[in-house]
Amino acid sequence: MTGIPHLARRSARPIALAMAVLLVVAVTWVAAALGGQPATAAAPEAAVAAEGSAAPITAPGGSLPVPDATLDQIGRGIDAWTINVEADQTDFVSATNLASLYFTRGRLTGVLDDYTRASAAIERAIAAYPQAPGARNLEALLALTTHDFAGALSIATDIYAADPSELQALATMGDAQLELGDYVAATATYDRLAAAQAGPAITARQAHLAAVQGRPDDARRLAADAYDDALAAGSEGTSLAWYAFLQGTLAFQDGGLDVSETAFRAALDAWPRSYPALAGLARTRAAQGATDEAIDLYRRAAAIVPQPVTIAALGDLYTLTGRPDEARQAYDEVRVIATLAAANRQVYDRALALFDANHGTDVDEAVSLAAAELDVRKDVYGWDAYAWALHAAGRDAEADDAMQHALALGTRDALLSYHGGMIASALGDTARARELLTDALTINPGFDPLQAQRARATLDALS
């Protein structure tokens, strides 16, 4: 058995480190951007040559440039490159590096304003040199991160069509297709990517796709391979943490709580401030019955980055432990965050739709949010969110139709089975409701402390 549980080291495939990114004049960037001494802008021809077709591909969901960079170092790099950009409006090299730093800080901290700053720097770089593939690739990655998946696909497709050696663009194409629910296209894109450049960043993408397509054994194996290969290649810090996080997430989805716990702890060993790993570990420990530890972990994650999903989960644990005032405060915070993040609301639309549906706070808004996202993002979990919102609004016949789309690929996820079972129960389809609710509690009895409690109560009533 490979992956996190045994921290196995295997022979590395011919890979490039996943956390390196398509930066303009990459060698000088590492020394200069974090050291506060910007390099002199290179000529356009030199920058294009520096990128080349062998540029390594980012891990999906990974942050950008240097795994060991501290936030202070990134801040100093931003200050330094800003001086260059302000001194020369045509300095597309400095503008691209500035954008990559803002993008990375946004990934590490969850501060959405940094994406706006990154976008402005990208626009400046492209205005100065429209053919710069580094800036265009970064533009596509930023669109993907801010959930403009159609935009990311369009930009990346244009880049790849102009130069098929731009494998980062091909990777972004596949990631966007996956999020848009075009799984046939995503499969073909990832196969093409794997044939061109093997490595953990590609294997991780294939793991995610396998999980969605209802191939949990393949998903677990591929996620373990991605982690092992990244580790063997010397990956560390935020890069290695991301691969461990992926393995933990897929293990939890499939009910492998021991693997999930070990993986999330490995992610935190690699990067102690990984708020996704803290939240993932909290979710796992809650499923294992360690409620007090889960509350502490959720608090720590929220203190680093107050994500709506994290705070809502914390509120649910407060509810279950008889602390209604703290639960109410947590739920109120979810709404405050949504208001403050209005400029990038699309990043949180699905989470807010599920929050409203779970808690019955504004079911009409839940339906509106889920429907609006489904218009542009027809993936399995988009259909699931829409179905669950419709169910909360009492529109169960429509919810059942949407849920069939969510379950069509056989994705093994307790949450999907739970939603399908509750909708079937509301429609009086007792046999199907029992089957799906039993499946949810068999896969992962603690998939969500509050919802699992409701699943058991409904199943008892049906019996």
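**Helix packing and salt bridges**

1. In this predicted model, helices H6 and H7 run roughly antiparallel to each other, because their axes cross at roughly 160° and an angle over 145 degrees counts as roughly antiparallel. The two axes come within 7 Å, and the crossing of H6 with H7 is left-handed.

2. On the H6 side (residues 133–145), the contact is made by Arg136, Asn137, Glu139, Ala140, Ala143 and Leu144. Their counterparts in H7 are Phe149, Gly151, Ala152, Ile155, Ala156 and Ile159. By class, this contact comprises 8 nonpolar, 2 polar and 2 charged residues.

3. Arginine 136 and glutamate 139, both in H6 and 3 residues apart, also form a salt bridge with each other, with 3.0 Å between the closest N and O atoms. Glutamate 139 is partly exposed, at 27% relative accessible area.

4. The structure holds 26 salt bridges. One of them pairs aspartate 114 with arginine 105 at 2.8 Å between the closest N and O atoms. Aspartate 114 is buried, with a relative accessible area of 2%, whereas arginine 105 is partly exposed at 22%.

5. Arginine 220 forms a salt bridge with aspartate 254, where the closest N and O atoms lie 1.9 Å apart. This pair links distant parts of the chain, 34 residues apart: arginine 220 belongs to helix H11, and aspartate 254 to the loop between H12 and H13. Arginine 220 is partly exposed at 35%, while aspartate 254 counts as buried at 12%.

6. Salt bridges with shared partners join Glu179, Arg350, Glu373, Arg377 and Asp379 into one network.

Definitions and conventions. Residues numbered from 1 in each chain as written. Predicted model: local features only at pLDDT ≥ 70, side-chain atom pairs only at ≥ 80, totals over all residues. Heavy atoms only, no water. Axes fitted to C-alpha atoms, helices over the stretch in contact; angles between N-to-C directions. Helix = DSSP H or I, 4+ residues; strand = E, 2+ residues; numbered from the N terminus. Parallel < 35°, antiparallel > 145°, perpendicular 65-115°, else oblique. Left-handed = near helix turned anticlockwise from the far one by under 90°. Contact = heavy atoms within 4.5 Å. Nonpolar A, V, L, I, M, F, W, Y, C, P; charged D, E, K, R; others polar. Salt bridge = Lys/Arg side-chain N within 4 Å of Asp/Glu carboxyl O. Buried < 20%, exposed > 50% of the residue type's maximum accessible area, 1.4 Å probe, protein only.
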